[in-house]
Amino acid sequence: MPAKKNKTSTRTLKTTAPSSDTSVQKIKFSKDDEPNFYKCPCCSTGYKKLDGNFPASQSELHAGWDYHLPICRKCLDKLFEHYTTVYGGDEDMAIRRICEKFDMYYCESLLSASRKVNKNRSRIATYISKVNLIQYKDKTYDTTLDEERGVIIESREQAEEDGISITKAAMDRWGVGIFSEDDYALLEEHYKMLKKANPNCDSNQEIFVKSLCHLNLLMMKSLKNSDLDGYAKANSEYGKTFTKAGLKTVQETDKNADDCWGIFMEQISQYTPEEYYKDKKMYEDFEGIRGQFERFVLRPLKNILLKTNQRDEEFNVEDSVDE
Ligand SMILES: [Zn+2]
C-alpha cells in the first residue's frame, strides 16, 4: 500500500510535471477543432458539452479535451463504487487509485475536505471539485509522487526559489544534491542532539558524529519502507560507530561533572571502578589470595612454630559433637 502523506506543497514542482522549463511542453487546446459531441470512451454515451458531463482535470494529458477527464461523471461514480468495494470500503484508497489512474493530485487534506457529501454529488465528484480549485492549479499525480518522494535540493538557488528554508550552516554541513528538505531536517535534528550530549568533541569525533547522522537517516528511511534488513544493517553500523567515537547519548545531570572530562573519566573507570574509592572494602582481597594464604600457609606454619592447635574454620569439627 503506498504511503499516505498529509502534506500540501506550496512550491512549484518541476521534477516530473510538464512546464515551460521541461522538454514536455504544455499542450494548447485549439477551440477551432471543437467537435459537435463528445463520446464517453467508457460507456459510449455522446454528450454535446464537456462541461457538466466530464469532470475537470489539471493534467496536460487532457489538454486536448479542454482539461476534462476522459470519463463521464456517471462512469466515474461507478468506478469509485468499484474501487471502494475492492479496498474493503476504504473510500480514501479508492480516491487514491482513481487519482493515480487519471493523473489527478492526491493529498490527504483534500480527503477530509471531501467527506461532507450532499445527495446530488458523490464523494469522488466532491473530491474532484476541490482538487480543481485555484490553489491546486497544475497539480497532478506527478506532484503527489514528488511530494512523497521528497525533492532533492540540487543547489542553494533552487532551495531559495522554491521557498525551502534550509539554513546555510546545514547546507555547508551536508552538501547539496543528495538530500531532500525532510532529510536535512532529520540530519540536523540528530546532529544537534549528539552535539548537545557531546559539546566538546574533537575533529575526529566530528567525523563520527556526521556518520552517525547519515546512519540515523538510513534507519529512518528503511523504517519508512518497512525494510527490516536495511534497518538492521544501519542500526548495527550505528552501534559500532558510536562505540568507536566514544560518544555519550545523554548529558550528565550531575552539575559537578565537567563535560570535557566525561569520556576520559569513562575510560579510566573501565580499569579502576569508582566504587573502589567510595568503599575500599568492596574490592579488598577480590581474588581470595589473602584468605587462602592465611588458611593453608600461615595457620599450619604458626601451629608448627608455636606448637598451637589452630584448626581450619571450614573443616573443623568441634569436640563436643563427638561426645
Ligand atoms: Zn461514461
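A: A nonpolar core is a set of buried Ala, Val, Leu, Ile, Met, Phe, Trp, Tyr and Cys residues joined through side-chain atoms within 4.5 Å. Buried means under 20% relative accessible area, exposed over 50%, and partly exposed in between (1.4 Å probe, protein chains only). This is a predicted model, in which local features need pLDDT of at least 70 and side-chain atom pairs count only at pLDDT 80 or more, while totals for chains, interfaces and linings use all residues. Residues are numbered from 1 along each chain as its sequence is written, and side-chain values use heavy atoms, with hydrogens and water left out.

Q: Which residues have the most contacts inside the largest nonpolar core?
A: They are Ile95, Ile98 and Tyr127, in a core of 30 residues. Helices H1, H2, H3 and H4 each supply at least two of its residues, and H1 gives the most, with five. Helices (H or I, at least four residues) and strands (E, at least two) are DSSP runs, numbered from the N terminus.

Q: What does Ile95 touch?
A: Leaving aside residues up to four places away in sequence, Ile95 touches Phe80, Tyr106, Leu111, Ser114, Arg123, Ile124 and Tyr127. Contact here means heavy atoms within 4.5 Å.

Q: And what do the buried residues of H1 pack against?
A: They pack against helix H2 (91-101) and helix H4 (123-131). The buried residues of H1 are Cys75, Leu76, Leu79, Phe80, Tyr83 and Thr84.

Q: Changing topic, which residues are the protein donors of the zinc ion?
A: The donors are the SG atoms of Cys40, Cys43, Cys72 and Cys75, at 2.2 to 2.3 Å from the zinc ion. Donors are N, O and S atoms within 2.8 Å of the metal (3.2 Å for Na, K and Ca); water is not among the atoms, so sites may look incomplete.

Q: How are those donor residues spaced in sequence?
A: The spacing is C-x2-C-x28-C-x2-C. Cys43 lies in the loop between strand S1 (38-39) and strand S2 (46-47), and Cys72 in the loop between S2 and helix H1 (73-86), so this pair ties together parts 29 residues apart in sequence.

Q: Is Cys72 buried or exposed?
A: Cys72 is buried, at 1% relative accessibility, whereas Cys43 is partly exposed, with a relative accessible area of 35%.

Q: Lastly, where does Ser122 lie?
A: Ser122 lies in the loop between helix H3 (108-113) and H4. Not counting residues up to four places away in sequence, Ser122 touches Asp77 and Val117.
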